[in-house]
Amino acid sequence: MHSILLTNPIVLPAVILGSTIIFILFLQPRPLSSSPKSNSMAARSFVLWLHGLGDSGPANEPIKTLFRSSEFRNTKWSFPSAPENPVTCNYGMRMPSWFDIQEIPVTADSPKAESDVLKAVQNVHAMIDKEVAAGTDPNNVFVCGFSQGGALTLASVLLYPKKLGGGAVFSGWVPFNSSMIEKFPEDAKKTPILWSHGMADRTVLFEAGQAGPPFLQQAGVTCEFKAYPVLGHSISNEELQFLESWIKTRLQSSS
C-alpha cells in the first residue's frame, strides 16, 4: 500500500468537512436567538477546537458560525493549527500533526505515542492557561477535537489541573495506556466528556471509540457516548447541533 493511500483517508474528510459546513450554512439557516436578557447573562466562555491530522485550524473555523444561540455571544473561539511533523503511519511524511501516529486505521489496540502526546498536551494547556488568566472561568472552557485532535482533547482535559466545562471527542481514541490514569488530577476527573463516533468509520475504527467509555469509567470520569450508525470519518451537522446544546447546558451564567 502506498503512502498516499494512507494519507487520503485522514486528509480528505477534513477538507470535505469545511465545505460541508459552509454548504449547510447556506441551505439550512437556523434562526438567531437574540433575547436581550439572555445576552446580558451570557458569561465569557472559551471553545478550543483541535483539528485532525493533515488539516488546519482556519479550515475548521466555519464550525463556530453554526453556534447561533445567544449563550455564545460572549464566546471566544480558537482554531490553532498543528505544527508540521513527520508521521510514522505515512512513512515519515511531514504534515500538520499534533503527535505521531503509528498506524492507520487506528484500532483499540494501536500503539500509543505517549511522550509525543504529553508534549502536545503542554501546548494545549498553555492555550487554556492564557484564556483563564484573561478572566475566563475554567468551568466555561470547552476543548473539542476531531480524530487526532479528539485524542489530544481527551488527553489535555484529563491532565489539566482544574475542572473544565467539558471535553468533546469526535472520532477520536484514547492516546495513552491505563497506567496514565494515576496521573489524572482529581479536579480533572470532574470534567464531563462527550464522545461521538461514526459506526462506519474506517480510519479510526468504531472499536477505538468504544474503548473510550470503559477507560473513562475506570478513571472515574463521566462520559456521554453517542454512536452514529452511517457516519464515516467525518463530522455531521447533527453532531455539531448536539454539541451546541451540550455546551449550553454546562455554561455558567454571569452573576
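**Entry 1**

I started with a cut-off: a residue is buried if its relative accessible area is under 20%. I also jotted down that this is a predicted model. My test case was Ser 171, which I found in the loop between strand E6 (166-170) and E7. Ser 171 has a relative accessible area of 0%, so I wrote it down as buried.

**Entry 1: around Ser 171**

What does Ser 171 touch, leaving out residues up to four places away in sequence? I listed Phe 146, Ser 147, Ser 196, His 197, Asp 201, Val 204, His 233 and Ser 234. I checked the backbone too, and phi of Ser 171 is near 55 degrees, a positive value in a residue other than glycine.

Ser 147, one of those contacts, got its own look. I found Ser 147 in the loop between E5 and H4. Ser 147 also has a positive phi, about 60 degrees, although it is not a glycine. Its relative accessibility is 3%, so Ser 147 counts as buried.

Next I went to Asp 201, in the loop between E7 and helix H5 (206-210). Buried or exposed? Asp 201 is at 1% relative accessibility, so I put it down as buried. With residues up to four places away in sequence left out, Asp 201 touches Ser 171, Phe 206, Leu 231, Gly 232 and His 233.

I picked His 233 from that list and checked the spacing. Asp 201 and His 233 are 32 residues apart along the chain, yet their C-alpha atoms are separated by 4.8 Å. For the protein as a whole, I looked at contacts between residues at least 6 apart in sequence, and 76% of them join residues at least 24 apart.

I counted up the elements: seven helices and eight strands.

Which residues make the contact? On H3 I noted Val 117, Leu 118, Ala 120, Val 121, Val 124 and His 125, and on H4 Leu 152, Ala 155, Ser 156 and Leu 159. Sorted by class, that gives eight nonpolar residues, two polar and no charged ones.

**Entry 2: the nonpolar cores**

A reminder to myself: in soluble globular proteins, nonpolar side chains tend to be buried together. Here I looked up the largest nonpolar core, which has 45 residues. Within this core, Ile 101, Ile 128, Phe 176 and Phe 184 touch the most other members. Among the elements that each supply at least two residues are strand E1 (45-50), H3 and helix H6 (212-219). H4 gives the largest share, seven residues.

I clicked on Phe 184 for a closer look. Not counting residues up to four places away in sequence, Phe 184 touches Leu 158, Leu 159, Phe 176, Lys 189, Phe 215 and Ala 219. There is also a second, separate core of 20 residues, including Trp 49, Trp 77, Phe 142 and Leu 194.

**Entry 3: a cis bond**

Last stop: the peptide bond from Ile 104 to Pro 105. I found this bond to be cis, with omega near 5 degrees. Pro 105 is in the loop between strand E4 (93-96) and H3.

Technical notes: Residues numbered from 1 in each chain as written. Predicted model: local features only at pLDDT ≥ 70, side-chain atom pairs only at ≥ 80, totals over all residues. Heavy atoms only, no water. Contact = heavy atoms within 4.5 Å. Helix = DSSP H or I, 4+ residues; strand = E, 2+ residues; numbered from the N terminus. Nonpolar A, V, L, I, M, F, W, Y, C, P; charged D, E, K, R; others polar. Core = buried A, V, L, I, M, F, W, Y, C linked by side-chain atoms within 4.5 Å. Buried < 20%, exposed > 50% of the residue type's maximum accessible area, 1.4 Å probe, protein only.
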